[in-house]
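Hi there,

Here is the structure I promised to send you. Have a look at it first, and then read on for what turned up.

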Amino acid sequence: MSIKKTFEKISIVDSAIVIIDSSEGIDNQDKRILDLITDKAKSIIIIFNKIDLIKNKKDFKLVTIKDIELTMRQIKNIKVLFCSAFVKKDINNILKYLSD
């Protein structure tokens, strides 16, 4: 999907799932999309994939969650999850969360 279509779709969302590459972190384009989503969505799930590429996973998770909580406080229903699709780590946690 093109960026233009992404921005058009964002204007009509109630809920959103955003997948971010853990090894790259949140870049400017991700921030722009997240800013638009926070204005529209009532619920946001942010999934950080490729967590297997991060050396200090515990610190990365703590810092990432803290940053998101600080920058997206206006959203009450936000969930941050971490996984590795490549090594199939924590995929079941995501599926369980989505099914609940």
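Before we get to the sheet, one definition: two strands count as paired if DSSP finds at least two bridges between them. Please also keep in mind that this is a predicted model.

With that in hand, the three strands form an open sheet in the order S1-S2-S3, with parallel pairing. S1 and S3 stand at the edges with a single partner strand each, so one side of each has no neighbour in the sheet. From one strand to the next, the twist averages 15°. S2 and S3 are joined in the parallel sense over six bridges, and Ile47 stands opposite Leu81 in S3.

Next, helix H3. It packs on the sheet, where it touches S2 and S3, and its direction makes about 160° with that of S3. Which residues of H3 are buried? They are Phe60, Thr64 and Ile68. Seen down the axis of H3, these fall within an arc of 55°, so they line one face of the helix. The face turned away from the buried side of H3 carries the exposed residues Lys58, Leu62 and Leu70.

Finally, the core. The largest nonpolar core has 19 residues, and Ile37, Ile46 and Phe48 touch the most other members. H1, S1, H2, S2, H3 and S3 each give two or more residues to this core. A second, separate core of five residues includes Ile45, Leu81, Cys83 and Ile94.

Enjoy exploring!

Notes: Residues numbered from 1 in each chain as written. Predicted model: local features only at pLDDT ≥ 70, side-chain atom pairs only at ≥ 80, totals over all residues. Heavy atoms only, no water. Buried < 20%, exposed > 50% of the residue type's maximum accessible area, 1.4 Å probe, protein only. Helix = DSSP H or I, 4+ residues; strand = E, 2+ residues; numbered from the N terminus. Arc of directions from axis to C-beta. Core = buried A, V, L, I, M, F, W, Y, C linked by side-chain atoms within 4.5 Å. Axes fitted to C-alpha atoms, helices over the stretch in contact; angles between N-to-C directions. Contact = heavy atoms within 4.5 Å.
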